[in-house]
Amino acid sequence: SIVIRSTEATCKTLMVLVAVTEKDLIHVADRTKPYMKLNAVRAHARAYALDLPLAAHFSDKDSVWKDLYAPFEEDYADLYETYEELKPGEQKGVHQTKFRQVDRLATIDYVVNDEDLVNGLNLDEKYEPIFEAAFPLHNEYEREILWKEWQQHLFLCCRGSSKQTWPFNQPVDNIERYLGQKITLYFEFLRMHTLFLILPSLVGIGIFVYQQYQGVDNVATAVYSLFVVLHFFIFCRVHEQNEHRLATRWGSHKVSEEEKIRPEYRGEVEWSSIDGSLELNLPTLEKVFRTTIGAVAVTGIVIFIYGALVGGFFAEMQLNGTVF
């Protein structure tokens, strides 16, 4: 959906719905070459027909064919994975597509916002006076199914089903398919972080009880401090390994990303004189205003924190009946 500012006095904004057919998506993907997942059986058959050594050594059931990605080629569209999705809107039924929800949105976003003179329209710059924003719409049926499946992982035993599940597991593949890799990795990080906090929390409770009888200055406190540092290092390594594993599964290792300027910032886009990249160049007064607001906010937070610490210290002195 694209939101534009209207020139009519009776209407401030207009919403334009953009719909792209499967055929048009295939044509655009053939030019933009996004990395898409290959079907294991078809890719193996194609490699075997070309007499490639990989096909001779590994069957189509081996894991080497499971997570293969390649730039999209319209002439070989049959080699790529086919997905089933519920039809959006009032339509009923299931349709087959080569594009997942995130693939479709990325392709449409490229056409709408990219600066490529051949494939992109670059609406946010060409029509800046009237262009307000562009955002995707939900597929209500797909979202409802994802939400129900996600809820099932909040319980050890799914209600109405004999299927056993672990509450810290999440349907990461379905989340990635609908919401994209960034959001899925964020929730996966929260899962890993919460899981790794269980052990130091339990050990910390024991250390706290021990300190009530032995005091703070003891060997257990020093050992626990070293344990927390080591545990944090292990968490970072495990999370990094898990992130790379998911990136390999989703074929995002070779995806280059450039951060796009958010449409709500109304500065002039210019080439940077430092590194030659596109950056937002705000007027001097606007820069001063935003810098001042940020500095005041940060200073206020710091003063509040230190004030709370000093206030707590003096309150403890008063409760203990001691004075400097």
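**Entry 1: H6 and H7**

I began with helix H6 (residues 140-152) and helix H7 (residues 172-179), whose axes come within 10 Å and cross at roughly 155 degrees. I kept in mind throughout that this is a predicted model. Since angles over 145 degrees count as roughly antiparallel, I noted that H6 and H7 are therefore roughly antiparallel to each other. I then looked up the hand of the crossing, and found that H6 passes H7 in a left-handed one. On the H6 side of the contact I listed Glu142, Arg143, Leu146, Glu149 and Trp150, which meet Asn174, Ile175, Tyr178 and Leu179 in H7. Sorted by class, the residues of this contact of H6 with H7 come to five nonpolar, one polar and three charged.

**Entry 2: H7 and H9**

I stayed with H7 and turned to its packing on H9, where I read an angle of about 60 degrees and axes 12 Å apart. That angle makes H7 oblique to H9, and the crossing of the two helices is right-handed. For the contact itself I wrote down Val172, Asp173 and Glu176 from H7, with Leu246, Arg249 and Trp250 from H9. The residues of the contact of H7 with H9 divide into three nonpolar and three charged, with no polar residue among them.

**Entry 3: H8 and H9**

Next I took helix H8 (residues 181-214) together with helix H9 (residues 219-250), and found that their axes come within 10 Å and cross at roughly 165 degrees. H8 and H9 are therefore roughly antiparallel to each other, and I recorded their crossing as right-handed. Counting by class, I have 17 nonpolar, nine polar and three charged residues in the contact of H8 with H9.

**Entry 4: the second largest pocket**

Which residues lie nearest the centre of the second largest pocket? I found Leu38, Ala43, Arg46, Ala70 and Leu79 there, out of 15 residues that line the pocket, and I noted a volume of about 240 Å³ for the second largest pocket. Helix H2 (40-49) and strand E4 (69-71) each supply at least two residues of its lining, and the largest share, three residues, comes from H2.

Key. Residues numbered from 1 in each chain as written. Predicted model: local features only at pLDDT ≥ 70, side-chain atom pairs only at ≥ 80, totals over all residues. Heavy atoms only, no water. Axes fitted to C-alpha atoms, helices over the stretch in contact; angles between N-to-C directions. Helix = DSSP H or I, 4+ residues; strand = E, 2+ residues; numbered from the N terminus. Parallel < 35°, antiparallel > 145°, perpendicular 65-115°, else oblique. Left-handed = near helix turned anticlockwise from the far one by under 90°. Contact = heavy atoms within 4.5 Å. Nonpolar A, V, L, I, M, F, W, Y, C, P; charged D, E, K, R; others polar. 1 Å grid on protein atoms, 1.4 Å probe; cavity = no way out; pocket = protein on both sides within 12 Å on 5 of 7 lines; lining within 4 Å. Points joined across faces, edges and corners; volume = space filled by probe spheres on them.
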